[in-house]
Amino acid sequence: MATEDLKTHIEELLNILGDKVTAEELEKEFRRFLEYGVPIEQAKKTLLKKHGVSSNYQDRTLIVDLQPNEKNVHILAEVLSINKKHATVRGKTREIYYGLLRDESGTIPFTAWKDLEIEKGDVIEVTNAYTREWQGNVQLNFGDRVKIEKKEMEIPTSEPKSYKIKDLHPGIGSVELEGVILEVERRNVDVNGEEKTVFSGIIGDETGKTPFTAWYDFNLKKEGRYKIKGGYIKSWRGIPQLVFDENATVEELDVEGSVPTPIRRVPLHILVEDGGAFDVEIEGTVIELQQGSGLINRCPECNRVLINGECKIHGAVEGIEDVRIKCIVDDGTGAASISFNREQTEKLIGKKMEEIKEMSEGEFLDEIRDKILAHPLRIRGNALTDSFGVTFIPREVVIVERNIVDETFKLQEKLEGLQ
Ligand SMILES: [Zn+2]
């Protein structure tokens, strides 16, 4: 916006506000709202509210400004989602409420240990909350001291900002995204005792893929290309996910031909920083084999690995035999732990489980060391964050042949085979 225009708006505001605020302060605040994409009229309204009648909003923080480990957090936000789950804490089952809040600057996940009696769409003023860092993102916590008050007002909606899939991350405000639906599935889910229909799947653009959930029937078709305006980003174990509901607008684009959605190659330090990624490719060297590699027995009920024939949950059970390789892969920029399942292990070792069963544990570990330790692997899958750091869940793996002599030899073999 031209400086002259800005001056006019600020003068107008100052006329109403008198000496409650200086022109410099007001300009600073006004510019920040515009930076967040808040429409001018809504920015003015919010600023008037901030400095005018509702003086209790004065010291609230914008979500985008929240840092980890802040106390006495005061925000004004709309509830985008709220869910309930059960968690076991010191042997006792407790209910946890979690969801997503938004204001005009961005979104933030929250967790509460008691029923706050709030629902989706409510506007709440929150005081005495605190923040923590969780999986690389700021999270808001409602402890014993929290005060929550419902407000009869609307939080201005910021203009959605256009993003490419590779740049999506939790905390950004309203999102505009153009992409192709690669998969879509209709599901019925239980939301706090009420059955709802959701449409979930995968959307891709030329920079990558991301899971999505639509809480409204937009008649999304597989391979259709859409512009989605007004979505927001949720994070599941570090993986960003696009979520949109009836407040979003979805436009089907008439585009000929398919749009290529390549697999994004990601350096491991980016996965560590972002805390997760969906359907990406990494390439790194196996630097360490971890305990638990080899033949294992799994619980038939819950698939957990048995320890001395016992499941942590189901006690002594008849186990199901399985084989896996647990290792650390490093690409020079960062590291991730990876567990290869039976099929991938068989492929990497070049032996079937029946053959592996014939080997002693020592022989099998020697075989793994020989075949994959210090070898570069190219792996495709999802990266998640857990309490141990980044875990990569592989979908496909290949050993990268880097040995030139070896490759020349193979090529020669191939050529000879052709004669
Ligand atoms: Zn079990």
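Is Cys-299 buried or exposed?

1. Cys-299 is buried, because its relative accessible area is 1%, where buried means under 20%, exposed over 50% and partly exposed in between (1.4 Å probe, protein chains only). Cys-302 is partly exposed, at 26%.

2. The model is predicted: local features need pLDDT of at least 70, side-chain atom pairs count only at pLDDT 80 or more, and totals for chains, interfaces and linings use all residues. Residues are numbered from 1 along each chain as its sequence is written, and side-chain values use heavy atoms, with hydrogens and water left out.

3. The zinc ion has as protein donors Cys-299 (SG), Cys-302 (SG), Cys-311 (SG) and His-314 (ND1), at 2.1 to 2.3 Å. Donors are N, O and S atoms within 2.8 Å of the metal (3.2 Å for Na, K and Ca); water is not among the atoms, so sites may look incomplete. The spacing of the donor residues in sequence is C-x2-C-x8-C-x2-H.

4. The zinc site is tetrahedral, the angles among its four donor atoms being 104 to 115°; four donors count as such if all angles lie between 85 and 135 degrees.

5. Strand S4 (residues 123-134) pairs with strand S1 (residues 73-89) in the antiparallel sense over five bridges. Strands are DSSP runs (E, at least two residues), numbered from the N terminus, and two of them pair if DSSP finds at least two bridges between them. Ile-124 in S4 is the bridge partner of Ala-77, and Lys-150 in S6 is the bridge partner of Ile-124.

6. S4 and S5 form a hairpin with two residues between them, and Gln-135 in the turn has a positive phi of about 50°.

Notes: Helix = DSSP H or I, 4+ residues; strand = E, 2+ residues; numbered from the N terminus. Tetrahedral: all angles 85-135°; square planar, octahedral: opposite > 155°, others 65-115°.
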